[in-house]
Amino acid sequence: MSDHDHHHHHDHDHEHDNHFTPIEARVKALESLLVEKGYVDPAALDAIVETYETKVGPRNGARVVAKAWSDPAYAQRLKQDGTAAVAELGYGGRGGEHIVAVFNTPEEHNLIVCTLCSCYPWPVLGLPPVWYKSPPYRSKAVIDPRGTLADFGVTLPEGQRIRVWDSTAETRFIVVPQRPEGTEGWSEEELADIVTRDSMIGVGLPQAGARS
Amino acid sequence: MNGGQDLGGQMGFGPVRPEPDEPIFHADWEARMLALNVAAGAMGHWTIDEIRHAREAIPPADYLSLSYYEIWYEGLRTVLQRHGFATLAELDSGASAGSGTTPKRVLKGTDVPAVLRRGFPYEREAAAPARFKVGDKVRTIVMHPRHHTRLPRYARGKQGVVERVTGCHVFPDTGAHGAPETAQWLYTVVFAGPELWGRDADPNSSVSIEAWESYLEPA
């Protein structure tokens, strides 16, 4: 920072450029460099962004859960080989090469975390939310899982055990919540509408009344 | 390494703060950073573990104050320099100062759907049978390596039970540092809450980790 900037801290962020924050400017420089050197194809960058903005997201996981709720044979296959079962619906690949589905029961609730980085089942849930990648969640989920659920306004029934899955390898977990009461006779599409992303991480519970 | 990334059980960060209707990206640069990380990684010159270690090597005070995509930016800078794709001056200026390493491959836009769909599976053919089976009591080793590891501090020296034999998977601890790829049996090992956190812990809680075979001893 030059001397004349000392009284203009806000201006400092824009010193190198008229309208970019420092990190915006750095990432732009990185992209320009890698494209200029032929290391990345700009069309590939666009295709990657488009994939995670429009094609891969928690609706995929919701369809998996809804099918497992509707079809006991599918639920059994999902339990035995999550990777193969989600592939039946066309999902899989980067960030979810090895998928394990964990089923909530009246006796036990499951919660997913990655204490060491941000491992998350991309093909079925999309990209993780900021809180999932941030220190409060990564530190607290393993030592105080019920307190973590309380941060989401969730209280488990008395006596229900809680099991935390720390994603320390390339295995990626998805929670299959319990099917809520009052959803008898619903189609898979109707069921998928109430399966929230949070319920597949284990920080939420699906509600029959959530469907509009 | 015992870096800023090893967060399990740390305190003082305050409550988790979910963001209602959170957007997929909070700014355009985050989307570009994600894509750059995926596309540069697809050149095939570093493993997922090497770039994880590059992020973990950020000094803890910085690691904890950066956003996650900022951490990715720092990690990618490190590996691009290490593998001769870019110099510090080039990264800072954004302009090429000459040639660099020739990439093994460059991800083309038209190949993105197939490459993402295929992913990068980490299971390998096993050279030997698994040492442990479901139900075995095991104890994790105590170690504090300066290198990369996926055995978190809170789960070192703890007794647990093998719940699942996942398969033979690429071993991260050496693969993060340029060693030829090796693979080990990988297990889901579950620990009772009080074993990890002491007598005041919730007895109705348990935590599992995915543990490679060399992290474990019979208990």
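Visitor: Which element gives the most to the side of chain A that touches chain B?

Guide: The model is a predicted one. In it, 64 residues of chain A contact 70 residues of chain B. The elements of chain A that contribute two or more residues to this side are helix H2 (22–36), helix H3 (42–55), helix H8 (130–133), helix H9 (135–143), helix H10 (145–151) and strand S3 (161–166). With 12 residues, the element that gives the most is H2(A).

Visitor: Which strands are the edge strands of the open sheet of seven strands?

Guide: The order of the sheet is S2(A)-S3(A)-S4(B)-S3(B)-S2(B)-S1(B)-S5(B), and its pairing is mixed. An edge strand pairs on one side only. The edge strands are therefore strand S2 (108–113) of chain A and strand S5 (216–218) of chain B.

Visitor: In which sense do S3(A) and strand S4 of chain B pair, parallel or antiparallel?

Guide: Strands of a sheet pair through backbone hydrogen bonds, in either a parallel or an antiparallel arrangement. Here S3(A) and S4(B), residues 205–212, are joined over four bridges, and Arg163(A) stands opposite Ser206(B) in S4(B). The sense of this pairing is parallel.

Visitor: How many bridges join S2(A) to S3(A)?

Guide: S2(A) and S3(A) run parallel. Leu111(A) stands opposite Val164(A), a residue of S3(A). The number of bridges joining S2(A) to S3(A) is six.

Visitor: What angle does the direction of H9(A) make with that of S2(A)?

Guide: H9(A) packs on the sheet. This helix touches S2 and S3 of chain A together with S4 of chain B. Its direction and that of S2(A) make an angle of about 150°.

Visitor: Is Val100(A) buried or exposed?

Guide: Val100(A) lies in strand S1 (residues 98–103) of chain A. Beyond its neighbours within four places in sequence, Val100(A) is in contact with Gly82(A), Thr171(A) and Phe173(A). A residue counts as buried if 20 or more other C-beta atoms lie within 10 Å of its own. Because 21 other C-beta atoms lie within 10 Å, Val100(A) is buried.

Visitor: What distance separates the centres of domain 1 and domain 2 of chain A?

Guide: The domain assignment of chain A gives domain 1 as 8–53 and domain 2 as 57–210. The centres are taken over C-alpha atoms. The distance separating them is 34 Å.

Visitor: What percentage of the residues of chain B count as buried?

Guide: Chain B has eight helices and five strands. Its C-alpha atoms fill a box of roughly 60 × 45 × 35 Å along the principal axes. Of its 219 residues, the share that counts as buried is 40%.

Key
Residues are numbered from 1 along each chain as its sequence is written. Chains are lettered from A and ligands numbered from 1 in the order in which they are written. This is a predicted model: local features need pLDDT of at least 70, side-chain atom pairs count only at pLDDT 80 or more; totals for chains, interfaces and linings use all residues. Two residues are in contact if their C-beta atoms, placed from the backbone, lie within 7 Å. Two strands pair if DSSP finds at least two bridges between them. Domain bounds come from an automatic or database domain assignment. A residue is buried if 20 or more other C-beta atoms lie within 10 Å of its own, exposed if 12 or fewer, and partly exposed in between; C-beta atoms are placed from the backbone. Axes are lines fitted to C-alpha atoms, for helices over the stretch in contact, and angles run from 0 to 180 degrees between N-to-C directions.
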